[in-house]
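Hello,

Here is the structure I promised to pass on. Please open it first, then read my notes below.

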Amino acid sequence: VFFLILWSRRREDMSYVLFGAASIIWGMRNVADVLFHLAIPQPHWEIWMTVLYQAFVGLLCLFSLRFVGVRLPGYERVLRTAVFVSPLAYYAALPIMSVHLSTRYGLFFALAMAVPPALAVGVAAARHREPGTILMALVGAISVGFGAYDWFASFQPQMFDSIRLMPYLALFFTATAGWLLTQRFLSAYGELERLNAELDLRVVHKSAQLM
C-alpha cells in the first residue's frame with residue numbers, strides 16, 4: 001500500500017505500482033489459502049488460486065523490466081493478455097482435462113515467462129555492475145530455479161506437500177525489491193535536496209553580487 005501511495009505521487013515510475021500491486025495480490029492469495037482454504041468448491045478454487053499466482057508472477061516480471069529500464073513490447077503484450085485470458089482457458093479446458101493438469105500447464109507458462117525478465121536483469125547487472133541490479137539478478141535466477149522445482153514437485157504430491165519453495169522465495173524477493181526501491185527513492189530525494197541547496201547558494205551569491 002505504501003508503494004501504491006508513493007506511485008500516486010510519482011506516476012512517471014511504474015515500478016512502484018507494479019511492485020505494490022504484486023505484493024498485495026500475493027498477500028491476498030496467502031491469506032485466502034490459509035484462512036479460507038477451499039472457500040469455493042473445486043474446480044473454481046484451483047483455477048482462481050492459480051490465476052492469482054500468475055498475476056503475481058506477471059506483475060513481478062513487468063516490475064523487473066522496469067527496474068532495469070528495459071522495454072519488451074511484444075513480450076509485455078503476451079504477458080498481460082495471458083493473465084486476463086487464463087481463467088477462460090482453464091474453464092474451457094475442463095471438458096477435456098482435469099483442472100490439476102490444466103493449471104500445471106498454466107504454471108509452466110508463467111515459469112517460462114519469468115525467464116526473459118531474469119535474463120534482462122542479468123544482462124543489466126553484467127553491464128553496469130551496480131550492487132542493487134546484481135542483487136536483483138541473483139534473486140531473479142533463484143526465483144526461476146525455485147519455480148522450476150515447485151513445478152516438477154507439483155506432479156508428485158508427497159514431494160510438493162513436504163516443502164514448497166516459492167512462498168519463501170516470494171517473501172525474500174518482495175523484501176529485497178522493496179528495500180531496493182526504497183533506496184532508489186531515498187537516493188533521488190537526496191539528489192533533489194542537494195540540487196535545492198545548490199540553488200539556494202546561487203541565489204544568495206547572486207543577491208550578494210547585486211548588493
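**The largest pocket**

The volume of the largest pocket is about 990 Å³. Keep in mind that this is a predicted model. The pocket is lined by 44 residues, and those closest to its centre are Trp-26, Arg-29, Tyr-53, Leu-107 and Met-166. Several elements give two or more residues to this lining: α2 (14-35), α3, α5, α6 (115-128), α7 (131-153), α8 (157-162) and α9 (166-210). Which of them gives the most? It is α3, with 10 residues. Sorted by class, the pocket lining has 27 nonpolar, 10 polar and 7 charged residues.

**The cavity**

Rolling a probe the size of a water molecule over the atoms shows where empty space is left. How many cavities of 30 Å³ or more are there? The count is 1. The volume of this largest cavity is about 60 Å³. Its lining is made by Gln-54, Val-57, Gly-58, Leu-79, Ala-82, Val-83, Phe-109, Ala-110 and Met-113. Two or more of the lining residues come from each of α3 (44-67), α4 (73-93) and α5 (99-113). By class, the cavity lining has 7 nonpolar and 2 polar residues, and no charged ones.

Look at Thr-50 in helix α3. Is Thr-50 buried or exposed? Its relative accessible area is 5%, under the 20% cut-off, so Thr-50 is buried. A polar atom of the Thr-50 side chain lies 2.7 Å from the backbone oxygen of Glu-46.

Phe-56 also lies in helix α3. With a relative accessible area of 2%, Phe-56 is buried. Phe-56 and Ala-125 are 69 residues apart in sequence. In space, their C-alpha atoms are 23 Å apart.

**Rings**

There are 9 aromatic pairs in the whole structure. One of them joins Phe-2 and Phe-3. Their ring centres are 5.2 Å apart, with 70° between the planes, and the pair is edge-to-face. Phe-2 has 52% relative accessibility, which is over 50%, so Phe-2 counts as exposed. Phe-3, at 12%, counts as buried.

Phe-2 and Phe-3 also belong to one aromatic cluster with Tyr-16, Phe-19, Phe-63 and Phe-67. Next, find Arg-184: its charged end sits over the ring of Phe-67, 4.1 Å from the ring centre. Trp-7 has a charge over its ring too: the charged end of Arg-11 sits 4.7 Å from the ring centre.

**Backbone**

Most residues other than glycine have a negative phi, and most peptide bonds are trans. Now check these spots.

- The peptide bond from Gln-42 to Pro-43 is cis, with omega near 5°. Pro-43 is in the loop between α2 and α3.
- Leu-38 is not a glycine, yet has a positive phi of about 55°. Leu-38 is in the loop between α2 and α3. Its relative accessibility is 44%, so Leu-38 counts as partly exposed.
- Arg-129 is not a glycine either, and has a positive phi of about 55°. Arg-129 is in the loop between α6 and α7. Its relative accessibility is 67%, so Arg-129 counts as exposed.

Best wishes

Conventions. Residues are numbered from 1 along each chain as its sequence is written. This is a predicted model: local features need pLDDT of at least 70, side-chain atom pairs count only at pLDDT 80 or more; totals for chains, interfaces and linings use all residues. Side-chain values use heavy atoms; hydrogens and water are left out. On a 1 Å grid over the protein atoms alone, a cavity is a set of points where a 1.4 Å probe fits but cannot get out, and a pocket is an open set with protein on both sides within 12 Å along at least five of seven lines; lining residues have an atom within 4 Å of a point. Grid points are joined across faces, edges and corners, and a volume is the space filled by probe spheres set on the points. Helices (H or I, at least four residues) and strands (E, at least two) are DSSP runs, numbered from the N terminus. Ala, Val, Leu, Ile, Met, Phe, Trp, Tyr, Cys and Pro count as nonpolar, Asp, Glu, Lys and Arg as charged, and the others, Gly among them, as polar. Rings of Phe, Tyr and Trp (its six-membered ring) pair if their centres lie within 6.5 Å; planes under 30 degrees apart count as stacked, over 60 as edge-to-face and the rest as tilted. Buried means under 20% relative accessible area, exposed over 50%, partly exposed in between (1.4 Å probe, protein chains only). A charge sits over a ring if NZ of Lys or CZ of Arg is within 6 Å of the ring centre and within 35 degrees of the ring normal. A polar contact is a pair of N or O atoms within 3.5 Å; within protein, one must be able to donate a hydrogen and the other to accept it, and residues adjacent in sequence count only if both atoms are side-chain atoms.
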